[in-house]
Amino acid sequence: MAALPSISIAVIGSGGAGALTTGDCLLEAASAAGWHGLFTRTLGPQIRGGEAAGLLRVAVHPVESLPDQFDLLIGIDWLNAHRFGAEIKVGPQTLVISDPRGGEPPPMVTQNGCRVVEVPMKDMAKAIPEGRPNMIALGIASRLMGFTTEQVFVPIEKRLAEKGAAAVEASLAGIKAGFDAAADIEFDKQLAKPVLSSARRWLLSGNEAAALGALRGGIRFAAAYPITPATEILEWLAPNLAKIGGTLLQAEDELAAINMIIGSSYGGTPALTATSGPGLSLMIEALGLATSAEIPVVVVDVMRGGPSTGIPTKSEQGDLNIAIFGLHGDAPHLVLAPQSVGDCLFTTQWATYLAETLQTPAIVLSDQFMGQSRAALERPADVAFIGARAIATEISGVYKRHALTANGVSPMAIPGTRGGQYTADGLTHSERGTPTSGADDHLAQLDKRRDKLDRFNFGDHWASIEGAGDLAIITWGSLTGAAREAAGRAGTDGIDARVVAPRLLAPARPEQMAAALEGVKRVLVVEQTHGGQFHKYLRAHYDLPAPVRVFHRPGPLPITAGEIHRAIVEWR
Amino acid sequence: MNIAVTPPAYTPADYKSDVKPIWCPGCGDYHVLMSFTRAFAQLGLTPEEVVVVSGIGCSSRIPAYTNCYGFHGVHGRSLALAAGLKVTRPDLTVVVASGDGDGYSIGGNHFLHACRRNVDMTYVVMDNHIYGMTKGQPSPTTEPEFDTALTPGGTKVQPFHPLVVALASGANFIARCYSGDANETADVLAAAIKHPGFSFVEILSPCVTFRPDEKAWKDLVRPAPIAATDDQGKAARRLMTDDGFNVGILYRGNRLPFQPAAGAIDIDLSVLEKDFEL
Amino acid sequence: MSKPEGNPSVASLNDLLAVAYRIEIDAVERYNMLADQMETHNNPDLVKVFRDLARAEGIHGEEIRRLAGDFDVVAHARKIARFERGDSPEEADLTSAHYMMTPWHALQLSLSGEQRALGYFTSIVETAKDPKVKTMAAELVEEETEHVKLVHRLLKRYPEPSANWAEDLDPPSSQE
């Protein structure tokens, strides 16, 4: 039996079957045992009772992408499961557990050469008082993946504790039954032993990570208007901001939310909101105001399928254009993008620090995949990026809010400071902050706002650069993990590829990019858009060595390491 | 609302900046500026602890003409900006200045929710029944038959009744003033600032350039015939039958002002991380 | 009808002096405000007229200080928050300003202010109980009568403007 670095499982069920709970418990069990993991959900359009699939990948190394193909697929039932056909990749290597009373297996199972083993999960559950088929499934999965029943008992007990002893007993019995039934099922894959370390283990989603990162960076006020798939950021912040003396205010719409955080920031309290594409569109005007008036704010955009209402529950990278270019006039500001669930924490924290330091808005482009996936990972280390705004304190003479300084950042007077009275304005203004239509002032302030960003030393965090080689895969956001995996496989094929993934998308870093691409002779751009937004952005700001190939595809399907690897190989 | 324990003696002049207003001579807003400065002086407010927040329009130019902190934001969103400011800085006195366009049209939604939310601040709308800054289009309070270039023959649309909307939405203090009575207006503003919660003051402020007919307002306004009430039913009846020219404090409510959830302070962030630990 | 005449309580001579002083400095403030407005709106003739009027009112104020002798009329005037209903009798009505106004208009504005002050002090003469107050009020009536005469004389220098004095062939400009 080969010890594999990673194993993946998909659990499908509908109508309250609890398929997602099964997958989530496996993630927790895996994490407790010392493995890393990534768990994603995919759902039908219903609000309740719809078809659902939990997709889990467990590995000895950090997991940042889904597999090319699933090793194990458990169908608690197959109702409407064909909807997941394109998304859940299976093949002859996949073991499918199917309930003969669960409906017809979908084409993805019957037409891809999968090995199907039938297990009567419904009947087995019926035999247990209060038994549920998803617990049977959990037992089966635990056995096949190499967990003990005890390991999966723990998350179940946690979840069902408040439902009473009977519910817990029934679940444990179900798990045992499934576990025993799986003894006879042949499955030749085994996870390699986890690499144990003393680091604390966490389970969290990208949205939760972003929220915690914001607090670590100094955010103490949030304005909230809910939108899929960002709402969890705000819901996590609501009680947790209060615990540390901060405040969350529910807004009547995104127009209010963005203006509220500008008001908070103007008063000296670092502030954030979270939204998705349609909400970001509404916030654009006020982001221009914050840029012009030099007021720091952080907006996390958890990107979803677009344009317009789009596909709210799926991931895509199509908000790049509006984030970078969406403001009217020339209004350079910060745009950052995390690269994994864990990186959502660092990038949001760093964005807060940068916004406060440079007195400008920062848009953090997360996406539905990272935002709503849960990862098992090591506790992210504390880093020193905590917002430190330049504040004007001892003010004498006429206070110049937008004074031209060497680094372009002007100390800000916080209301309550004597002598610092000024009126913040979106109108073009002089150094003093009073409106002007004069050419000199306009140019001076435009130069200042551009230069304060361009001249800043962002250091190495601007991008993650891995590997060497004359083929560069340039990608960003949630595709970074898959790109790295593909580069690794290409290496074993004898192709040396490096992965360059900018975390800082705006301002552009021409010198640093040139250094990152030193020695590169071919570039493969990988992105999840229809229009090739990232490629066009790269061409607008950077010199790319030729030839350049672009692998771009819109959502909703994730781009897998296998697809990127194939693109590399085909370009020998 | 903020009153210093032992207020130093400030005169109205202490609240004026040296920036020269661009308002047309004859504009009612000059009187409103006087009322602002007189009200602040009456209350003994420390200039640097007052923030005047505005949107876009002639009335919204007022922050820079005061010696307080100010925010001249985007069109229609001043109430949201002020909410974010006041909730995080309860120590400040926050006055929001708007006009009938900025406040009732594009700002209409935020108006409703600001009344609902009842954060402690004062909302002053300089109503001149017209969009002045953009040269004379009808506003939500313009008479239906008022002819403009954009709406030849008039809008034929019923004007909005902001005081009724404010009452229905939860405003805790409702008043109307006439800018020409600068002292009375100053008194009302002071009372509005002192009153807890969301105080709404509409100031009829004639536009000399696009509504010269509003010179007649001087003779149309009258003190409201009955005293301020805290009875919502009484206030509703009075406001629904009001012809738009009764001045004075019309409603004084008893709602508690908005308080964000109080939490312990100085908690280590690591306490929050327990959410994620296995 | 926006406001009936009203006045702060003038029980003593010092009160009267404070009120009279207050009337003058309010007028100074108003005329300077109008001068500023005329400056911003490119009407230099009117800047001069209003500054002159402000200066004149300032001189009147100084006269009242002299009359007051040792009494700190300035501090006392500051305590009079304002007049009971409406503004100070002599204050110029800001809403009758116009960016193209002529000196004639400014003087009309000043005239109505002086006349209101005259009427105000006259009513004090009629109603005051304290003989000192009556006497001082009578003096102030004389002062104001002089001022009214002066304004009339100045008005003779300026013709009544023609019907199209406010004609501006350029359209208004939208700044936002």
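1. In chain A, A:Ala463 lies opposite A:Pro502 of strand β22(A). The two residues belong to a pairing of β20 (residues 463-466) with β22(A), antiparallel and joined by 4 bridges; strands count as paired if DSSP finds at least two bridges between them. Helices (H or I, at least four residues) and strands (E, at least two) are DSSP runs numbered from the N terminus.

2. The model is predicted: local features need pLDDT of at least 70 and side-chain atom pairs count only at pLDDT 80 or more, whereas totals for chains, interfaces and linings use all residues. Residues are numbered from 1 along each chain as its sequence is written, and chains are lettered from A and ligands numbered from 1 in the order in which they are written.

3. Between β21(A) and β22(A) the chain passes through helix α15 (residues 480-492), and the resulting β-α-β crossover is right-handed, that is, with the strands pointing away from the viewer, the path from the first strand over the helix to the second runs clockwise.

4. Strand β22 (residues 497-502) of chain A is largely enclosed by the rest of the structure, because 6 of its 6 residues are buried. A residue is buried if 20 or more other C-beta atoms lie within 10 Å of its own, exposed if 12 or fewer, and partly exposed in between, with C-beta atoms placed from the backbone. A:Ala497, A:Val499 and A:Ala501 point one way from the strand, A:Arg498, A:Val500 and A:Pro502 the other, and all are buried.

5. Chain A as a whole contains 18 helices and 25 strands, and 56% of its 572 residues count as buried. Its radius of gyration is 25 Å, which agrees with the value near 25 Å for a compact globule of 572 residues; the radius is taken over C-alpha atoms, and the globule rule is 2.2 Å times the number of residues to the power 0.38. The C-alpha trace spans about 85 × 60 × 45 Å along its principal axes. Among contacts in chain A between residues at least 6 apart in sequence, 74% join residues at least 24 apart; two residues are in contact if their C-beta atoms, placed from the backbone, lie within 7 Å.

6. An open sheet of 8 strands in chain A has the order β7-β6-β5-β2-β4-β3-β16-β9, with mixed pairing. Strands β7 (115-118) and β9 (201-205) of chain A stand at its edges with a single partner strand each, so one side of each is left without a neighbour in the sheet. From one strand to the next the twist averages 15°. Angles run from 0 to 180 degrees between N-to-C directions, and axes are lines fitted to C-alpha atoms, for helices over the stretch in contact.

7. Within this sheet, β3 (residues 36-43) and β4 (residues 52-59) of chain A form an antiparallel pair over 8 bridges, in which A:Val58 is the bridge partner of A:Gly37. Helix α1 (residues 19-33) of chain A packs on the sheet and touches β2 (6-13), β3, β4, β9 and β16 (374-378), its direction making about 15° with that of β4(A).

8. Chains A and B share an open sheet of 9 strands, in the order β19(A)-β2(B)-β1(B)-β3(B)-β4(B)-β6(B)-β5(B)-β8(B)-β7(B), and the pairing is mixed. At its edges stand β19 (423-425) of chain A and β7 (222-223) of chain B, each with a single partner strand, so one side of each lacks a neighbour in the sheet. Strands β19(A) and β2(B) pair in the parallel sense over 3 bridges, with A:Ala424 opposite B:Phe71.

9. In the chain B part of this sheet, β5 (residues 173-178) and β6 (residues 198-204) pair in the parallel sense over 6 bridges, and B:Ile174 stands opposite B:Phe200. Helix α5 (residues 162-169) of chain B lies across β4 (121-127), β5, β6 and β8 (246-252), running at about 165° to β5(B).

10. As to interfaces, 2 pairs of chains touch, and the most contacts are between chains A and B. Chains B and C meet through 25 residues of chain B and 25 residues of chain C. No contact joins chain A and chain C, and their closest C-alpha atoms lie 9 Å apart.
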